[in-house]
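Student: I would like a close look at one part of this protein. Please take me through its pockets.

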Amino acid sequence: VLHLLARDSQRRTLSAGMDDEYDVIVLGTGMKDTLLSGLMSVAGKKVLHMDRNGYYGGESASLNLNQMFEKYGGGEKPPVELGSSRDYNVDLIPKFMMASGKLVRMLLYSKTTHYLEFKQIDGSFVYKKGAVYKVPVTETEALGSGLMGLFEKRRFRNFLIYVQNYKEKEPSTHKGHDLTRMSASELIKDFGLQDETVDFIGHAIALFHNDEYLNKPAAELVKRCQLYSLSLAQYGKSPYIYPLYGLGELPQAFSRLSAVHGGVYMLNKKVDKIEYDENGRVCGVTSEGETAKCKMVIGDPSYFLADGKVKQVGQVIRMVCIMSHPVPNTNNSDSCQIIIPQNQIGRKNDIYITCLGASNSVAPAGKYIVIVSSTVETSEPVKELAPALKLLGKPDKIFALLNNIYQPTNDFEKDGCFITPSFDATSHFESSVNDVLAVYEQIQSTLPPDERKPIDLDNLPPQAEE
């Protein structure tokens, strides 16, 4: 139905011509950009959405096997033993959704959950001294975990109880700790936790990607641990869920939201130039000799490289592995996450392993898609992932994907360009939704007060919570 809506929107655009005027032109159909497109359409703005590709998702698309080999296979053809191409939905940027996290709440807010189906991820694991362990979150799991000795289990249990009971507005639950003033390191020290326990708390439960959080207020650490616990309580096995048929379903759902509210979509539409007036403010987008006028442009960094409005701040390396077996030592989980904390392998950033299988409708029966990712730290990014690749066993096929990370450098108030940052290496969507909300707030700040529509994901209306 979405494709029919998009094609109908494209026919309307072609018949009207590119010489129309829009409130917003959105460039790229990545998750962040389509979500913003949907939000702006719902807010009553006239939206034109363009993408140079013939598929949804941009750099966060889900590709079938033929597309993977065409894009990253170096001229190879898919071997017959890998199965049918159409049974694959390989996510180029795999990220899990916290069951009680911001992306789920955004889906509820935007009323797009009925466009999607989800499945729980089977397990969450952490790496320690060459071995893989299930992440303990409940008291029972903590007492039975091989991650800690007997006395450390008691200290960890006390920390868990404190986190679960803590309520920001109830001082009696603070136990004398002011989490807005004391650092995470100081809070951890009060519970006497060992460094290796701190590793899996900070990286596998709170999901920080490096140790900078230790010197920041402890409130964020506790808040993140509570989110993990709340998400875990939703279904029991792990805190993560994933859309059937891959993450490419998300931008399609948000695109449908925009199309239903009048948004016009044009795929396979090359963007020749972003137009600016004499004051340097965006005034349109030119494609194939035609110019569509607009008041603002939203887009991913790739559309603004020529205009010098973004800067590269790093790279992410991702190794996509097609396997005929689940990841060893994960209880034969059809889907799971493994986090390798930075300190365990002498790095500055964590390494993430995501595994998905046929039950997630991303691979044929008996095949698994395992993606290893991290922030690049050296001139040999593939070698950086060696500790993770050793955990996988022998894959049938490996693809190496190297993505640049860009951040906007422009003054959006002056030029009217709202640029979404590149996806980071983390294996969950919390930071990505924060990026979307930050750009949405930038947009709102430039609108007249009577046109602003703020979003509060912490206080959704009752009908959205259902």
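Student: Which element gives the most to the lining of the second largest pocket?

Tutor: Keep in mind that this is a predicted model. The element you want is β18, which gives five residues to the lining of the second largest pocket. This strand covers 397-408. Two helices, α2 (31-42) and α3 (65-72), also supply at least two residues each to that lining.

Now look at the space itself. The second largest pocket holds about 530 Å³. Its lining is made of 32 residues. Closest to the centre are Gly58, Glu59, Asp300, Ser302 and Asn403. Sorted by class, the lining has 13 nonpolar, twelve polar and seven charged residues.

The volume of the largest pocket is about 1,400 Å³. A total of 48 residues line the largest pocket, and those closest to its centre are Lys102, Glu220, Lys223, Arg224 and Leu227. Here a helix leads: α9 gives the most to the lining, with nine residues. That helix spans 218-235. Both α4 (102-110) and α14 (430-445) supply at least two residues each to the lining of the largest pocket as well. By class, this lining divides into 18 nonpolar, 14 polar and 16 charged residues.

So how is such empty space found? Rolling a probe the size of a water molecule over the atoms shows where space is left.

To recap, β18 gives the most to the lining of the second largest pocket, and α9 gives the most to that of the largest pocket.

Notes:
Residues numbered from 1 in each chain as written. Predicted model: local features only at pLDDT ≥ 70, side-chain atom pairs only at ≥ 80, totals over all residues. Heavy atoms only, no water. 1 Å grid on protein atoms, 1.4 Å probe; cavity = no way out; pocket = protein on both sides within 12 Å on 5 of 7 lines; lining within 4 Å. Points joined across faces, edges and corners; volume = space filled by probe spheres on them. Helix = DSSP H or I, 4+ residues; strand = E, 2+ residues; numbered from the N terminus. Nonpolar A, V, L, I, M, F, W, Y, C, P; charged D, E, K, R; others polar.
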